Amino acid sequence: MAPGILANGDMGTSNGIGSHHSSRRKLNPQDDISFDPKLKPKTYSIEGTRPDSKVLFLDVNILDSTGADPYHGDVYIEGERIVSVGKVPSVEDLRNDSKVRVINGRGRTLMSGLGDAHTHFMWNNGALDKLGDVGVEEHTLMTARSAQCYLDSGYTMCFGAASAKDRLDCVIRDYINAGDIPGPRYLANGKEMAVRNGELAAGITTFADGPLEMREVIRHHKDIGVDQVKLSMSGEEITESRSAQDSYYSDAETAACVDEAHRLGLRLCSHARARDSIKQCVKHGVDVIYHASYIDDEGMEMLEKNKHKHVVAPGINWLWATVYEAAPFGYSFEKAEQVGYMKELQTAIRGLKEMHERGITVLPGGDYGFAWTPHGTYARDLEHFVKLLDFTPMESIIAATAGVAKLFMREDELGKVKPGYFADVILVDGDPLKDIAVLQEHDKLNVIMINGRIHKASYKEFQKTSLGPEILPPTIAPMTNFVAYEDSQGRARIGHLNLDESQISPMVMASGAPVANLYQVIELDNHVVPAGEAIPLDSVKLLPPISGRDILCVGKNYAAHAQEFNKSGYDASDKADQPNHPVIFTKRSTSIVSSGHDICPHPDFTQTLDYEGEIGVIIGKPGFAIDEKNAMDHVWGYTIINDVTAREKQRDHKQFYLGKSADTFCPMGPVAVPAGQLPKALRVQTHVNGEKRQDGTTEDLIFSVANLVKTLSEGITLQPGDVLATGTPAGVGFGQDPPTFLKSGDVVEVTVTGLGKLTNRIADASVSNKTMETIARVSSIPTYNLDVSCGGAGLTQINQKLINIVELGTGTDPIVYIHGLGGTMEFYRPLIEAANLKDSHKHILYDLEGHGLTPTKASFPVTMASLVDDLAGIFASPSFNIDSATLVSHSMGGLIALNFALAHPSLVKKLVLIGPGPSPLPAAASEATLKRAAAVRARGMQASGVAETVANAATSATTKRSNPLALGAVRASLLSQDPEGYAKGCMALAATAGTELQIEKIKVPTLIVAGDEDKISSLEWARGMEARMPRAKVEVLREVGHWHCFEDLEGVADKVRRFL
């Protein structure tokens, strides 16, 4: 929520609308609407649902969109329609019927699919004024993708608000209905109609002046098959030439449009922000009023009197996002406020709240698909309705379901979960009435169904039936001896240990992803499978089966041990032979080591080093205040623990923690095994140097495992992965006669039924404690972009950094390639081939820090100086043997190359600068680049819209129109970037604003390749460089933007080849 906005959305402003005297708001205001039946659109059906399809939702919380409170029940669907809701007849027969797909709702919310009253499939997450330049082929693919995005977002009804191409809306609608592409139910529109010099964007507008020409345009729309017609009646502040308070239609024109459309059986919708255009809509009968921002008292009275004929769809998120979220895209808060968007937002909120109170139908949806209102975020409207417009969550949901169904004029079969209605439903992991924002979380939309056909569902949603493998989970082999180890890259992994053969089988998830730790195994409910060849146990470094948390421990839990401890002189507790309550303590997590790891004797800390063989219980299910009879349901499995102890510390400090938490004092392992794979009674034995010292079973425990779980959870929430050491039997060192403590060279072995043997040696006193070294290697500061290289595999160490460097070619004359911001070394591989340079030169390509496969540590700043140092490090590395080289650079890489040439002139033979960045960077560009960094850090490359915006802004019109492969390559390069790496590059570039390079000092031959449509590195800047650099020459590529090698590979190759 932005500053200054109260929780209920009251922004404390006035638009001159008088407050209502008494509320006429309704839960279902759409019930009052009575559209002329002659205006009902064609009743479309969606093909592809098998009539014999049967789906049963069990145990769901049904939110039916009637206004009734949600209720528990089941829902049964046959074919494309809902048959039963709540109490389903013969439900047990259905759930056992092999022909019925059964989904266990587990109490989740089942509700109607959502609806959007103001949809633009064609908007491409970019700029409105560029839409007209998009080729029809590309636009068709974008539109189909948007249609699927709506369905992926839980939307099953969309009302088209304008098309960017004449027939594109109609074509997409028809393909959805034919079952050829996924998408929601759709009512299609054509290009919006505007008077000349009154349009919002010329490329997507059809023009008409006067009643006669407007009637002709409407007839044309009817002929191409639209379901409604859009009028563009007022302006939009972002144009800066068409004010939102300006109205462009006359009464005669508006009346003629309504008359002609209604005569042809079409409804009208209108872009109407201005006061007068809103009144014209009401006066003449425009059915759907978009925005209605500047409604006044008279308009409000008119609208209330005619609320049975009109729907208002404000598109409130466009105003909100333009004011508060457009800055990263170069449209600052100050700019939005200056042109009037803040005023319009405040005014619109007040007016829309008043409409709601008066029972006027206000529906969510609108204007998604711009850079700062991207596709996929449609459900933000529902949250805005609650937080800004004072809707209750129920009112907001009804508006988005039953309300949009009324707009479709199919309220008797869409928008509700009722028998006979179409099965357009979503299963939500959450309660939208408690948190309306849950509908924005796509991963919480567990099942999406349209027309009775399942669009989205994991196989895990289905109960097992005989339907076949498409809905059954894969068969999982019982591999139960889970062992943790380090792979060849030093990464923690989980495998299955064959105790007889000492072989480890690596384990992966069902997806094929490796399993990194036992916490993941527990969360996956042991659904992991072996993959790859077995590894000899002695070839890897063994790790504790689970670590990272302190161990919960129990003292004096075997009667015989409690007695020997009480008599030993080391017991500083209650002196009772047998405790009345469990004695609970913890061992520090840094004491945990694996089987085979030496135990440090710590001679300066203790002279009474002792062992305690124990069974470790691993929690699998979280719980608080767990009933003892249910406690074992929370146990995942077991492992072995040696609770090594410094006895005199335990005695002198009168507590257990210090004496039991020294480094290496908690050996654990070698394996962890699920409880279901073990007998109920487990036997623990301890041998020291081959001599049996301890022997006991879980049946000897004073306090059972179930009792310990109950006791610990009385005030503590137990978490999956918590480990509980259950106590040790009699026979510890101080219980021997005479007492015998551990010394260097002793070997302690603890065995437990089904868990193998935990073996550890007491180290020599002279051996240093390695725990500090282990801790020093652990950092809480992340290294970004490291996973893409599997932890740095194949990377080269330069200046204490890992850098992705590739050497190509068979020649001896070196060329070093430096890519730009948002690029990778792959930008140059096609150039090397196209220019026939592979055999004539040695090519050194590398990824800048944070780009491509090169990682970046979060705490390391990336600057122009650091990037130049990295390049210098490559030159200095003996791995590449570079005395001097030609530098080929692109965009920001040009600034790196120029800085390097100035700092190391003897190392540079020639320069190729492809679209080099300006120096100094203009202040406005620096500010915009910093905002871009903030945007990608907040939302990533795609959701922030940065990738799409940069791709569209930095390529030529010809590329966007005629070269979709090049545009796709640019987009792919940007989307592949790690957000933090890209953001750091932005900051490095932005920081060059105050520094002008002395390029006239560079004397080497220089080729500058410029695109004549490059808006980032302009042709003017290139010419200026040419004038200042003694041996520079500019070569111009026609109809090329900033991504030269993608947009005109042959042109760049020709110029580079001739230069070299």
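What percentage of the 1060 residues of the protein chain count as buried? The answer is 57%. Keep in mind that this is a predicted model.

**Whole chain**

Start with everything shown. The C-alpha atoms fill a box of roughly 115 × 85 × 55 Å along the principal axes. Colour by secondary structure: the chain has 29 helices and 49 strands. Take the contacts with a separation of 6 or more; 74% of them join residues 24 or more positions apart.

Switch to a surface. The chain exposes about 40800 Å², and carbon and sulfur atoms supply 50% of that area. Now colour by charge. There are 106 positive and 133 negative side chains. The centres of the two sets lie 1 Å apart.

**The cores**

Select Phe121, Met193, Val312, Ile316, Met355 and Leu439. These have the most contacts inside the largest nonpolar core, which has 118 residues.

Zoom in on Met193. Beyond its neighbours within four places in sequence, Met193 is in contact with Thr206, Ala208, Met214, Val217, Ile218, Lys230, Leu231, Ser232, Tyr249 and Cys257.

Next, select Ile805, Tyr846, Leu848 and Ala951. They are included in a second, separate core of 87 residues.

**Helix H27**

Go to residues 1019–1028, helix H27. Trp1021, Ala1022 and Met1025 are buried here. Look down the axis of H27: the buried residues fall within an arc of 100°, so they line one face of the helix. An α-helix has 3.6 residues a turn, so residues three or four places apart point the same way. On the other side of H27, Glu1020 and Ala1027 are exposed.

What do the buried residues of H27 pack against? Show helix H21 (892–903) and strands E47 (908–914), E48 (1006–1011) and E49 (1032–1037); these are the partners.

**Backbone stops**

Select Gly669 and Pro670. The peptide bond between them is cis, with omega near 5°. Pro670 sits in strand E33, residues 666–674.

Move to Asp737 and Pro738. Another cis peptide bond joins this pair, with omega about 0°. Pro738 is in the loop between strand E36 (723–725) and strand E37 (747–752).

Now pick Asp525, in the loop between helix H13 (518–523) and strand E23 (528–530). Its phi is positive, near 55°. Asp525 is exposed, at 52% relative accessible area.

Finish at Gln800, in the loop between strand E40 (796–798) and strand E41 (801–803). Phi of Gln800 is near 60°, a positive value in a residue other than glycine. At 75% relative accessibility, Gln800 counts as exposed.

Key:
Residues numbered from 1 in each chain as written. Predicted model: local features only at pLDDT ≥ 70, side-chain atom pairs only at ≥ 80, totals over all residues. Heavy atoms only, no water. Core = buried A, V, L, I, M, F, W, Y, C linked by side-chain atoms within 4.5 Å. Buried < 20%, exposed > 50% of the residue type's maximum accessible area, 1.4 Å probe, protein only. Contact = heavy atoms within 4.5 Å. Helix = DSSP H or I, 4+ residues; strand = E, 2+ residues; numbered from the N terminus. Arc of directions from axis to C-beta. Areas by Shrake-Rupley, 256 points an atom, 1.4 Å probe, with all protein chains shown as cover. Lys, Arg positive; Asp, Glu negative; His and termini not counted. Charge placed at Lys NZ, Arg CZ, Asp CG, Glu CD.
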